[in-house]
Structures are given as C-alpha cells and as structure tokens.
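Here are some friendly notes to read alongside the model. Please keep the structure open as you go through the points.

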Amino acid sequence: MEISGIISALVIGIVIGVLGRLVVPGRQHIGILWTIVIGIVAAFIGTAVAAGVGVGDTKGVDWIEWLIQIALAALGVAALSRVKVRH
C-alpha cells in the first residue's frame, strides 16, 4: 500500500467514524479521538469483510462496503461508550 492509499484510508476512516457516531442514538461518552480511531479500524475491517464476501470492488460507488464500515463503526462507538459509562 502506497502512502497515498494510507492517507486516503485515514481520511475515509475519520468520515466512517463520524458517520458511525451519528448512527448511534443518544449521547456517546467518548471523545472525538476515540471516534476517529474506531472509524479507522472499522474502515480497515469493513474493507476486509467486503472483500471476503465479494462486494469490495464493484463498478461505481461501493455502497455495501460503506454500509458495512459504518455499521462496524457504530458498533464500536456504542461498545466503547458503554464501557466508558461503567467506569
């Protein structure tokens, strides 16, 4: 992976994290940095999952891949928020 690919993956991860946070209802008790980290991780994992099920590279916009990534980010935000509330 080239440096431009890594940079674009980080930018997409930030967007995915923010979208994942918007999907989760209510107030989340985590900071924006955690949201960004979750988004980046969700973007990488979502890309792998999409490639695994055969929808990672389609003609046009990869909507299913985006939905997988956003769903993973929402799960990550919700899970970390619950952990933070308990402590």
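1. Let's start inside: the largest nonpolar core has six residues, Val 24, Ile 30, Ile 38, Ala 74, Val 77 and Leu 80. A nonpolar core here is a set of buried Ala, Val, Leu, Ile, Met, Phe, Trp, Tyr and Cys residues joined through side-chain atoms within 4.5 Å; buried means under 20% relative accessible area and exposed over 50%, with partly exposed in between (1.4 Å probe, protein chains only). Helix α3 (residues 63–86) gives the most to this core, three residues. Helices are DSSP runs (H or I, at least four residues), numbered from the N terminus.

2. Please bear in mind that this is a predicted model, where local features need pLDDT of at least 70, side-chain atom pairs count only at pLDDT 80 or more, and totals for chains, interfaces and linings use all residues. Residues are numbered from 1 along each chain as its sequence is written, and side-chain values use heavy atoms, leaving out hydrogens and water.

3. Leaving aside residues up to four places away in sequence, Leu 80 touches Ile 30, Trp 34 and Ile 38 (contact means heavy atoms within 4.5 Å). There is also a second, separate core of five residues, including Ala 42, Ala 43, Ile 70 and Ala 73.

4. Now have a look at helix α2 (residues 32–53). Its buried residues include Thr 35, Ile 38, Gly 39 and Ala 50, and the buried residues of α2 pack against α1 (3–23) and α3. After α2 comes Gly 54, with a positive phi near 85 degrees.

5. Finally, Ile 3 lies in helix α1 and is exposed, at 61% relative accessible area.

Notes: Helices (H or I, at least four residues) and strands (E, at least two) are DSSP runs, numbered from the N terminus.
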